[in-house]
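Please keep the sequence and the model in view while reading.

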Amino acid sequence: MKATLRTVRLALAEPLRISRSTTSARDAVWLTVEHEGLRGHGEAVTSAYYGLDTALLQRQLSEAGRDLGRFPDPETALRERPAEHRPAGVGAAVESALLDLCGRRADAPVHRLLGARTAPAAATARTIGIVAPAHAAAVARGLADRGFTLLKMKAGTPDPRDDLERVRAVRAAAPGVRLLLDPNGAWTSSEAHRLLPRFAELGVEAVEQPVAPGDPESLARLAERAPLPVIADEDAVSAEDVRRLAGRVHGVNVKLAKCGGPRAALGIAELVAGSGTALMLGCLTASTLGLAPAVHLADRAHWADLDGHLLLADDPWTGIGGTDGVVRAGELPGLGVRERGAARADTA
């Protein structure tokens, strides 16, 4: 097998502000694996929070690509999990490229390789960052008009009244949508206990990681008393993290770039099954190529938050939809995506 890399810049349509940072663009490194005339693709994106910069991704994916050369075919490589020891985002990109290639060789979509009989489709949340309430309301109204039924509000401003005003404005502008709230760990436990009842009164359905990560016991205690479901995100990175929280929080947010790929995500889904902890499928801001593997798992999730490609100014790939509020895997072989050719690319 032969592997090649390309690095592209993904610009957001507008800066995304969350409690700890603001993102306007990120780099993506595309891994292409070729064998007997067919190609499979995967994507890893930079993330300051997870310690993944462009140089590290390029180096790690280049090494992983060379490692693939020792396998006779992608099916063998997929079974051997060659990138399991690398950063989770790198492992996810390698596994995605191999699944894409194996699917193309078998003339089967990835979701069928992963055990699903029909193509998954799911209503996805659409994220609204920390912006002025009037702007948030206008965005929410437009999204509801386009068919979105689930919105995720970022929160965690220094003055919680700003967050309440923003959610109140969105609720008034789009009264029929379901709302999720994500402070990205910005609150203390006492703040969370004080604020969550007020957001519950506004009809917020669930809250992600309300308190700072690093103390999962505190998160679990909060979930016991919270007036709305509590979903672990930053405190639920690995399967072992999830094992500690299963049955003690209401949900866990699984991102392929956190856990290492689709098969690791399936393992987490099995781990929480029957525990009372529901699965949320999340993502980083990425292209359709980066989102597609998770979309092939969307039927396993109680909440789908797979809108990273919808936040881009120009998505260089197509194939999973989402502009009407629903992401769909489709029945094409492999990941079922194709490159538009609109990205600025460099050979790495």
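## A buried threonine

Thr-285 counts as buried, because its relative accessibility is 8%. The structure discussed here is a predicted model. Within it, Thr-285 sits in the loop that runs between β11 (278-281) and α12 (288-295).

Which residues does Thr-285 touch, when those up to four places away in sequence are not counted? They are Leu-12, Leu-16, Arg-26, Val-45, Gly-308, Leu-311 and Leu-312.

## A buried lysine

Lys-258 belongs to helix α10, which covers residues 256-259. Is Lys-258 buried or exposed? With a relative accessibility of 5%, Lys-258 counts as buried, since the cut-off for that class is under 20%.

Neighbours within four places in sequence being left aside, Lys-258 is in contact with Tyr-50, Ala-88, Asp-233, Ala-236, Val-237 and Asn-253.

## Cysteines without a disulfide

A disulfide is a covalent bond between the sulfur atoms of two cysteines. How many disulfides does the structure hold? The number is zero.

The case of Cys-259 shows why: its sulfur is 13 Å from the closest cysteine sulfur, that of Cys-283, and this is too far for a bond. The sulfur atoms would have to be within 2.5 Å to count as a disulfide. Cys-283 is likewise in no disulfide, its nearest cysteine sulfur being that of Cys-259, 13 Å away. Cys-259 counts as buried at 18% relative accessibility, and Cys-283 is buried with a relative accessible area of 18%.

## Two residues with positive phi

Most residues other than glycine have a negative phi. Two exceptions are described here. Glu-36 has a phi near 50°, a positive value, and is not a glycine. Glu-36 is placed in the loop between β2 (22-35) and β3 (38-45). Glu-36 is exposed, with a relative accessible area of 67%.

Asp-107 is likewise not a glycine, yet its phi is positive, at about 55°. The loop between α3 (88-106) and α4 (110-113) contains Asp-107. At 58% relative accessibility, Asp-107 counts as exposed, because the exposed class begins over 50%.

## Helices α1 and α3

The axes of helix α1 (residues 54-68) and α3 come within 10 Å and cross at roughly 40°. The two helices are therefore oblique to each other, and their crossing is right-handed. On the side of α1, the contact is made by Leu-57, Gln-60, Leu-61, Ala-64 and Leu-68; on the side of α3, by Val-90, Ala-93, Val-94 and Leu-98. Sorted by class, the contact has eight nonpolar residues, one polar residue and no charged residues.

## Helices α5 and α6

The axes of α5 and helix α6 (residues 160-173) come within 8 Å, and they cross at roughly 30°. In this crossing, α5 passes α6 in a right-handed manner. Pro-133, Ala-136, Ala-137, Ala-140 and Arg-141 of α5 make the contact with Glu-165, Arg-166, Ala-169, Val-170 and Ala-173 of α6. By class, seven residues of this contact are nonpolar, none is polar and three are charged.

Ala-134 is also found in helix α5, which spans residues 133-146. Ala-134 is exposed, with a relative accessible area of 61%. The C-alpha atoms of Ala-134 and Ala-173 are separated by 9.4 Å, while the two residues are 39 apart along the chain.

## Helices α7 and α8

Helix α7 (residues 189-201) packs with helix α8 (residues 216-225) at an angle of about 20°, their axes being 11 Å apart. Why are α7 and α8 described as roughly parallel to each other? Angles under 35 degrees count as roughly parallel, and therefore α7 and α8 fall into that class.

The crossing in which α7 passes α8 is right-handed. In α7, the residues Ser-189, Ala-192, His-193 and Leu-196 meet Ser-218, Leu-222 and Arg-225 in α8. The residues of this contact divide into three nonpolar, three polar and one charged.

Methods: Residues numbered from 1 in each chain as written. Predicted model: local features only at pLDDT ≥ 70, side-chain atom pairs only at ≥ 80, totals over all residues. Heavy atoms only, no water. Axes fitted to C-alpha atoms, helices over the stretch in contact; angles between N-to-C directions. Helix = DSSP H or I, 4+ residues; strand = E, 2+ residues; numbered from the N terminus. Parallel < 35°, antiparallel > 145°, perpendicular 65-115°, else oblique. Left-handed = near helix turned anticlockwise from the far one by under 90°. Contact = heavy atoms within 4.5 Å. Nonpolar A, V, L, I, M, F, W, Y, C, P; charged D, E, K, R; others polar. Buried < 20%, exposed > 50% of the residue type's maximum accessible area, 1.4 Å probe, protein only.
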